[in-house]
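Colleague: Could we go through how the two parts of this chain meet? I would like to begin with the overall division and then turn to the details.

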Amino acid sequence: MPEYERHTYDVVVIGAGGSGLRAAIAAHEAGARTAVVCKSLLGKAHTVMAEGGIAAAMGNLWPDDNWKVHFRDTMRGGKLLNNWRMAELHAKEAPERVWELEQWGALFDRTKDGLISQRDFGGHRYARLAHVGDRTGLEMIRTLQQRTVQLGVDVYMECTVTDLMRDGDRIAGALGYWRESGRFVVFETPAVVLATGGIGKSWKVTSNSWEYTGDGHALALRAGATLLNMEFIQFHPTGMVWPPSVRGLLVTESVRGDGGVLRNSEGRRFMFDYIPEFFKAETADTEEEADRWYDDKKNNRRPPELLPRDEVARAINSEIKAGRGSPHGGVFLDIASRRSPEYIEKRLPSMYHQFMELAEVDITREPMEIGPTCHYVMGGVEVDPDSAASRVPGLYAAGEVAGGMHGANRLGGNSLSDLLVFGRRAGEHAAAYASEIGGGRPVVPDEDVTVGVRTALAPFDSGGAENPYRIQQELQDAMQDLVGIIRREQEMQLALKTIHDLQERSKALAVEGNRQYNPGWNLALDLRNMLLVAEAVALAAMERKESRGGHTRDDFPMTDYDFWGKRNVVIELAGGGAVHLRLQDLPEPPPELAALLEEPH
Amino acid sequence: MAYDLTLRIWRGDASGGGLVDYTVEAEDGEVVLDAVHHVQAQLAGDMAVRWNCKAGKCGSCSAEVNGRPRLMCLARLSTFSRGEPITITPLRTFPVIRDLVTDVSFNYRKAEMVPAFTPTAEQPTAPFRMAQVDVERSQEFRKCIECWLCQDTCHVIRDHDDNKEAFSGPRFFIRYAELDMHPNDALDRKKLVQEDRGLGLCNITKCCTEVCPEKIKITDNGIIPMKERVVDVKYDPVRLFRRRRGGDDV
C-alpha cells in the first residue's frame, strides 16, 4: 500500500460549524488530543449565516421564562415528535452555553440593565433569542473559532472526509483528502464526532451552501449507524425570490419577530386565515391583539406570523398557489410600514444590506418579496440523548446532522442553542470514550484505506461522460419538484426512480483536470452522499402517511396522533448497501414533563 | 433578459498561468459569482474558486474583479458595462494555489498571535453587565467576515512580502481595537500591536476601509483610535510621573 499522510488523535471532529467547534473545545478541555477537519476555511461554515439568535430561557426580559416553558414550546413546535430527553437537556443547558460564549468574548446586544438582550421568534412564548443584530451566527462562529485557536486545537482546513474507518464494529479513524492537493490523509482515532450540518444542497431553492451535501448523514449510514426522521425537512417561510440569482437566500425570522407582517397581493394579513387548531389557544385572532403582544405578552396572544415555520411556509405556499402572490412568485413581508427606518437599520442591518446590495430594495421603505426555501433537516443520526453517541461505538453526532431534538419541525433559534448544548456533550463523551479505551485502540484496516482511495479516484478514469454539475442539478430539480413542501405518493415514487437513475449514471462520472483544488472532482465525491441521503428522505417521506411539521402529504393531509404520532421512521443500510427502513416507537416523556405539554401557554 | 457575457479568468497555479476567456449566458440580476459558476458547470469543471454563502456573509469568494478587490457574490453584473469582458484574478497579496484560490494561511497565523479576551477582576465570570453603548464600538469590528480584502489591498504587504513577518494587517488591527475597546477586557495589548504587530507601519491611506464589504470604518474607528491610544500610553505625563515613582506598570 502507498504511504499516506497519517495523524493520530483521541477525538476527530468532522465539521467546523457551531457544533463541531463546540465539540472540539469540549474534547480538548477534557484532555483529549483533538482535531477538527472541515471542508472550507475556518470561520466559513454554515453557522455563519444564522441570523436571528440563540434560544435560551435566561429570562432577561421576561422573568417568567424558564426551561420548562422553553421545553414546552420546543416540543409543541416539533409537533410532539421530539426526543423528549434531548428537548429537556437543551432547554435546561442553553443559558449556560450562551453565557459561556460571553465568557469567551462574544458581544451580544444588551438590555437596558446591561444584560444579554433577547428577541421574539416564532413559536417561542417569550422573547428568548440572544442576538447580535441579525448576524448572531457570525458572532457565534467567530467566538468559537477564536476559542479553538486560543486552545491550540489542530484544524485541518479544506480537507474532506470521504469514509469512516472501522475496526470490527468500532470506529478506528477516517479517510479524507486535502482539497488543495488532492492528496489523501488517514486519521487514526477511536472517536469521531460528526458535526457536518445538513443536506439542503439537494434542493434547488435553498438557503444552504455547497457544503450541505449530507456528508455526515451518509458517513454514518455507511458506518452502520441509523438515521431518524429523515422525512422532516424545514422549508423556511421567508427566502428571497428575486432576483433569480439569490432565490432561496434566507430572510431572517427576526423581521417578523421585530414586527414585520406577511401580506398577499390584496394587502391582507393572510396568516389570520391559517391558524391551526393545535395553536388556536395561543395565537391572536385580531390584528389589534397581535400588535399589542409585542409589548404585553401576558395579556395578549402571539401574532400568527410567529406561528412555527412549517405553518407559515404552508400558508405562503397556499396563497401563492391561489394566485394572491407577489409579482415574482412570493408574498410580501412588510416591516417598512410598521417600524421606523432607524429601528429597522439597527435591528436588521444585514437584511437591510442584503436587499439593498442584491435586490436594490430598501426595506425601510418598501416590502420584501419572499417565499419558502429549503433550510434545515430535522432528521439525522439517531443518538443517545445524553451522550450524543450513535449506535456505532466511537461515533457521535451533534447539531443538524443529529436527529430527534427537533421532532417534526424546528423552532427558529433552537438550532444555535442545539449546536452548543449537544456539541459540548458530544465532545465530552467522545473524549471520555477515547480515554476509557486506553491502550486497546482500534486499528485502521489497510485494505479499507485502499478501497476508499480507489473509490474516490474512480471519476478520473471511469471512461464515462457524465458531468457532476449536471447530475447535481437534476437531483436538485427532482427533490424540489417531487419531494418539496407538499408531497404525493406518485411524485415521490418518481423521485426515487430519478434518484436510482442518477446513482446509476454517477458510476460514469467524468472529471477533467488533476486532483489539485478541483471542484468538479470534489462535487463528484459529494454526489455520492447527496444521492444516498436523497434516497433516504424520499423513502421515509413515502412511508409516513400523515402530515406533520416539515412533512406535508397532499394524499394524507391529517395529523395522526394515534399511530404516527408515536412512531419514528428509522433508516439503515442493509447488507449490500441497500437502504432499509423500519418503524420504531417514540420514547414517551415521564409524567411530570408530559404535564408541561398540556399547559395552555 | 439573457445575454452573452465574457469572463476573462486567471487560470494557473504557483508555477504560472494566464487569463483565459470564457463566454457564458448571463441574466439580469446575477452576480459575478453566478457567471463563474456557469463557467464551472459548462466549460471548465475543474476551475478552482472558493465560495460558501453567496450572500456576503462568509467572506469566501474574494477576488480581484477588473482589478478591484471585492466579493464576487456582491458584484452585480448590472453594474458592469455590457459587451466588455469582466476580468477576474486571484488576490494578489497571497500566493496562488490554483486559479482563483490563494493561500491565505498568513491571516490564520496572525490570528493565532492575538492574546485572547481576558475578563477583568471586577467581572471575572459571565453573565457580565455591560451597557449597549459600551459594547457598540467593538461590535462594529466584530461584523468583520474575514474576507481578507483589506489585507489584500493594504500596500504595506501587497507588493512587499518582506513586511509580512512584522505586520498583522488591518483585519487584525481592528481585532486588537475590538479587544481594547471591550468593556470587560483586562489585557493591555497596545504596546504589542504598535511594536510587534506593525501598527506603526500603517500610514492611514484608508484603502482597507474602501474595500470592506461590511463597511467597517477600519481606519477612522479602529486604526486611528488605536494609534492615539498607543500615543496616550507612551506620552501620558501622569503615567510617566507615576512610573518614575515605580507606582504603575504601564
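Modeller: The discussion below concerns the domains of chain B and the interface between them, in a predicted model.

Colleague: Which domains does the assignment of chain B give?

Modeller: The assignment gives domain 1 (2-102) and domain 2 (105-244) in chain B. Taken over C-alpha atoms, the centres of domain 1 and domain 2 of chain B are separated by 31 Å.

Colleague: And how many residues are in contact there?

Modeller: On the side of domain 1 of chain B there are 16 residues in contact, and these meet 18 residues of domain 2 of chain B.

Colleague: What area is buried between domain 1 and domain 2 of chain B?

Modeller: About 1300 Å² is buried between them, and carbon and sulfur atoms give 51% of that area.

Colleague: Turning to charges, how many salt bridges are there between the two domains of chain B?

Modeller: The count is two salt bridges. Asp159(B) and Arg92(B) also form a salt bridge through their side chains, at 2.6 Å from N to O. Six residue pairs are found in polar contact across the interface of domain 1 and domain 2 of chain B, both residues being at pLDDT 80 or more.

Colleague: Which strands supply the side of domain 1 that touches domain 2 in chain B?

Modeller: Strand S3 (62-65) and strand S4 (68-71) of chain B each supply at least two residues of that side. S4(B) gives the most, with four residues.

Colleague: How do the residues of that side of domain 1 of chain B divide by type?

Modeller: They comprise seven nonpolar, four polar and five charged residues.

Methods. Residues are numbered from 1 along each chain as its sequence is written. Chains are lettered from A and ligands numbered from 1 in the order in which they are written. This is a predicted model: local features need pLDDT of at least 70, side-chain atom pairs count only at pLDDT 80 or more; totals for chains, interfaces and linings use all residues. Side-chain values use heavy atoms; hydrogens and water are left out. Domain bounds come from an automatic or database domain assignment. Contact means heavy atoms within 4.5 Å. Buried area is the accessible area (1.4 Å probe) that two parts lose on being put together, summed over both. A salt bridge is a side-chain nitrogen of Lys or Arg within 4 Å of a carboxyl oxygen of Asp or Glu. A polar contact is a pair of N or O atoms within 3.5 Å; within protein, one must be able to donate a hydrogen and the other to accept it, and residues adjacent in sequence count only if both atoms are side-chain atoms. Ala, Val, Leu, Ile, Met, Phe, Trp, Tyr, Cys and Pro count as nonpolar, Asp, Glu, Lys and Arg as charged, and the others, Gly among them, as polar.
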